[in-house]
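Visitor: I have a model open here and would like to talk through a few parts of it. Could you take my questions as they come?

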Amino acid sequence: HYPLRRQRQMCIRDSSYPSLRSVFFEYHISKEEILTRLSNIIDFLLNVVYTVLDPIDTPIDYVSKVHFEKLKNRIQESSKMAPELIKVFKSRILEINGKNFFNISLLIPAILKREDILEDLTPSKLYMIHGDIHYNNILCGLRKEKNILIDCRGRSPYGTVHCDVAYDFGKIMHEYKGKYSIIERGEYGIFLNCEKNKVSITYEFTNGAMVDKYESFEKEIDAMLNKKIGNKFGNWRYRSEFMEAMMYLTMIPFHLRKKQEGLMCYVRGVISLNEWVKKYHPELYASLARRRSR
């Protein structure tokens, strides 16, 4: 590993080192090697990155600024860039692959009304983090113990490098649960139909082999994270799974060069947020369902 200060100064990709994304998709390497590389990277985050600076107390408005203000701004930005998606953003229900999902226009206000949820989303301390640890920002040396992290982006809304460590873990989940690299590689098909009172979207991943490969790793990476992190950072999984959904919802402007890619990110974010509410707050989900059926 480069020393962390050098990582922050040198975000230049060495073309002789492939990214973990390239290794995952294009090289015939074993599942054991992929897991070993991820294990080493998680150890490096826990034992080096998060210890470089002392943690600080979390500002009282941290969750609002990091999640909800960012989401509002990014949706506004996306609406200006792609006006044809405004109806998608404003619809209360989205039909996705034949199933109804609550849209963010319903879910976000419902979450904001729950002080207990906002409190649980607030970490007790903020640490120095990497901030953008997806598979394209991990370079792989010849030995599976040799990995270089590049393009560090950990910066809070306050201008400091202190953020919630759950963001890094959420980025890792964003890959193996959210299948982010499959989307960036354009290996999907998506169709949008906006009627007067209904927005329906149909999508599918077209690289079935890679979907299966991602899913074959999920339980093992989940177990690895649980074992290595334990209870060091409170309810980090609760926060990370929320962040994994919010990452998709807030990255849309960066993917609107191809409108279908931005829409694909939005759809995956809506699905993930519905799954998060169902998993951790079934009473809230049931309340929204009852309200809709009246």
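Visitor: To start with, where is Glu 187 found?
Guide: Bearing in mind that this is a predicted model, Glu 187 sits in the loop between α9 and β8.

Visitor: Is Glu 187 buried or exposed there?
Guide: Glu 187 has a relative accessible area of 16%, and since buried means under 20%, this residue counts as buried.

Visitor: And which residues is Glu 187 in contact with?
Guide: If its neighbours within four places in sequence are left aside, Glu 187 is in contact with Phe 25, Ile 182, Phe 205, Thr 206 and Asn 207.

Visitor: Moving on to β8, how does it pair with β9?
Guide: Strand β8, which covers residues 188-194, pairs with β9 in the antiparallel sense over seven bridges, and a hairpin of four residues joins the two strands. Within that pairing, Phe 191 has Thr 202 of β9 as its bridge partner.

Visitor: What about β2 and β9, parallel or antiparallel?
Guide: Strand β2, residues 93-96, runs parallel to β9 and is joined to it by two bridges, with Glu 95 having Ser 200 of β9 as its bridge partner.

Visitor: How many residues of β9 are buried?
Guide: Five of its seven residues are buried, so β9 is largely enclosed by the rest of the structure.

Visitor: Now α10: how far apart are its end C-alpha atoms?
Guide: They are 31 Å apart, which agrees with the 32 Å that the 22 residues of α10, 208-229, should span at 1.5 Å a residue. Even so, α10 bends by about 35° at Glu 218, and the helix is followed by Gly 230, whose phi is positive, near 55°.

Visitor: Which residues of α10 are buried, and what covers them?
Guide: The buried residues of α10 include Met 210, Tyr 214, Phe 217, Asp 222 and Ile 229, and what covers the buried residues of this helix includes α2, α3, α8, α9, β9 and α11.

Terms used
Residues numbered from 1 in each chain as written. Predicted model: local features only at pLDDT ≥ 70, side-chain atom pairs only at ≥ 80, totals over all residues. Heavy atoms only, no water. Expected span 1.5 Å × (residues − 1). Bend = angle between axes of the 7 residues up to and from the residue. Buried < 20%, exposed > 50% of the residue type's maximum accessible area, 1.4 Å probe, protein only. Contact = heavy atoms within 4.5 Å. Pairing = 2+ DSSP bridges.
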